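Please look over the two chains below before reading on.

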Amino acid sequence: MSEFVYLTFDGLSRGLVYAAFALALVLIWRAARIVNFAQGAMAVSAVYVAYSVTNATGSYWLGFGAALLAGLALGVIVERVVMRFVDHSSPLNGVVVALGLVLIFQGVLGIVYGNEFLPFETPFSRDAFVVGGVAMLSRYDLFVFGTVGAVVIALTLLFTRTAVGLRMRAAAFAPDVSRLLGVSVGGMLTLGWALAAAVGSLAGILVVPTELGVHPTAMDVVFVSAFAAAVVGGLDSPIGAVVGGLIVGVLLSYVSGYIDVTVAPMAVLALLVVVLLGRPGGLFSSSKARVA
Amino acid sequence: MSTDSQLKELALHDITVRFGGLTALDSVSLRVAPGRIVGVIGPNGAGKTTLFNVICGFVQPTSGSLTLDGSPWRPRPHHLSRLGIARTLQGVGQFSGMTVLENVMVGARHRHAESEALAALDRCGVARYADAHPGALPYAIRKRIELARALVAKPRILMLDEPAGGLDADEIAWLGALIKETGTTVLLVEHHMDLVMSVCDEILVLDFGKSIALGSPAEISANPKVTEAYLGAAA
């Protein structure tokens, strides 16, 4: 029982990171109909910024803030300098360009920082509280819960309660109609990329210190899990991304804990197959009207 | 309601649009004076919607120019709202993932978007559908919502693209009254002749992209070229 409780909390904590990363993928998919395969490389770039700032100042929190700002800036740059000029007549074009960006980001990071894992500490202890002999959440897990929860609430309020959020939704759904209504579709697209990249960077800075450390490919495995989470939830659905992230996180935790960690990727694949066979649009897909 | 000082004069000068070998508009000129209701009619394929698309900046003219209040003007779609120009679409074009209220709020330009959107919906008689999703509503209701979305920005020039399509006689009578009471400049593309003749101060008739007549409803009714364009040479 105690193992089950521990694995559940551990899975939820990790699942929230996947949720944040999946949310970043969903934000860009909704805005631009592109699966941003460069999201992991962009996030790890922001984590390197955090690593450098934290080492230079001794403050984790300055590094944390710098990573979010770097994420915002990277989102703007990638959209304005690269993605805006991609021919979107085929969805594959955006995918290929994003994969090219992965090679560039990872290559440059390797040249600048080397290809060794660099240690990056968490700001809070990862030792779980023990309640009645059962290991529960750690302080760091609570930090992850609080941070991702705040981001999800903030994004929900942005999209449902603000004029900017309304215009972002409109621009994503029908760009030409939105332009007629005075919406700057290009501006909304840039904002969408910036927000998504910042959320992806947040996921990066939350997860990288809990693994082997900072490395140009540190987010590759996280990307695969988060992409699976986004697809399971439905690429169009922010709620689906969060639920999908939690499902994938808990599944990976149970499979790693009860069976073997090497089987975990197979479990995610099996989950994808089952969900896509039952609901090809994902668990929270709202309609079949929109295709890439 | 707009005041005269807020209204704008829109003019098209010898506008020609070619799509490959097809001439969609052939040297068409039109002056839309402030406060006037101008109809654009013609058979299917005459170039009416292309004319609207030129004014909205969706189509660049091959030659010719536009002026707004006498100044040269190159329209861009996302600047129209700021300039006080609103357009409804033939195909309705609502955001099905949003509620009716949210659809109209996207068109609002002011701080109190929600109350203004509700007022516009109320003016168009569809406020009770504010929380519904447009995809689930009858076509005639969606037409009214589209009108509310155009009116919420308090436009100085209102461009209506076949607003009467799919409406019954009572609804068309209501629409005619609404167009008259806006007090703003209106550019109306419409097939429903009774509506056009009853509300317009001036009518432009297009046929195969050419302007074949321009005048008051009475003049257009009596023009044999117009009858020929609509009914064929034998008429």
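What follows begins with the contact between the chains and then turns to salt bridges and single residues.

This is a predicted model, in which local features need pLDDT of at least 70 and side-chain atom pairs count only at pLDDT 80 or more, while totals for chains, interfaces and linings use all residues. Residues are numbered from 1 along each chain as its sequence is written, chains are lettered from A and ligands numbered from 1 in the order in which they are written, and side-chain values use heavy atoms, with hydrogens and water left out.

Where the two chains meet, 14 residues of chain A are in contact with 20 residues of chain B, contact meaning heavy atoms within 4.5 Å. Chain A and chain B bury about 1,600 Å² between them, and 69% of this lies on carbon and sulfur atoms; buried area is the accessible area, taken with a 1.4 Å probe, that two parts lose on being put together, summed over both. Of the area that chain A buries against chain B, 42% comes from A:L166, A:L180 and A:L181, more than from any other three residues.

Polar pairing also occurs across this interface, where the rule finds two residue pairs in polar contact, both at pLDDT 80 or more. A polar contact is a pair of N or O atoms within 3.5 Å; within protein, one must be able to donate a hydrogen and the other to accept it, and residues adjacent in sequence count only if both atoms are side-chain atoms. On the side of chain A that touches chain B, α6 (163-173) and α7 (175-180) of chain A each supply at least two residues, helices being DSSP runs of H or I with at least four residues, numbered from the N terminus.

Side chains of opposite charge can pair when their charged atoms come close. A:R33 counts as buried at 16% relative accessibility, whereas A:D236, with a relative accessible area of 25%, is partly exposed; buried means under 20% relative accessible area, exposed over 50%, and partly exposed in between, with a 1.4 Å probe and protein chains only.

Between chain A and chain B the count is one salt bridge, formed by B:E102 and A:R169 with their closest N and O atoms 3.1 Å apart. B:E102 counts as buried at 15% relative accessibility, and A:R169 likewise counts as buried at 16%. The helix α3(B) has eight of its eight residues buried, so it is largely enclosed by the rest of the structure. Among those buried residues are B:L101, B:E102 and B:M105, and what covers the buried residues of α3(B) includes α6 of chain A together with α4 (113-123) and α5 (139-151) of chain B.

Within chain A, A:D176 forms a salt bridge with A:R179, the closest N and O atoms being 2.9 Å apart. Because A:D176 and A:R179 are three residues apart in helix α7 of chain A, about one helical turn separates them. A:D176 is partly exposed at 44% relative accessibility, and A:R179 is partly exposed with a relative accessible area of 26%. Elsewhere in the chain, A:E79, A:R80 and A:R84 are linked in a network of salt bridges.

A:T54 is placed in helix α2 (residues 39-57) of chain A and counts as buried at 13% relative accessibility; not counting residues up to four places away in sequence, A:T54 touches A:S59, A:Y60, A:G63 and A:F120. A:L191, found in helix α8 (residues 185-207) of chain A, is partly exposed at 30% relative accessibility. With residues up to four places away in sequence left out, A:L191 touches A:V164 and A:M168.

How values were computed:
Salt bridge = Lys/Arg side-chain N within 4 Å of Asp/Glu carboxyl O.
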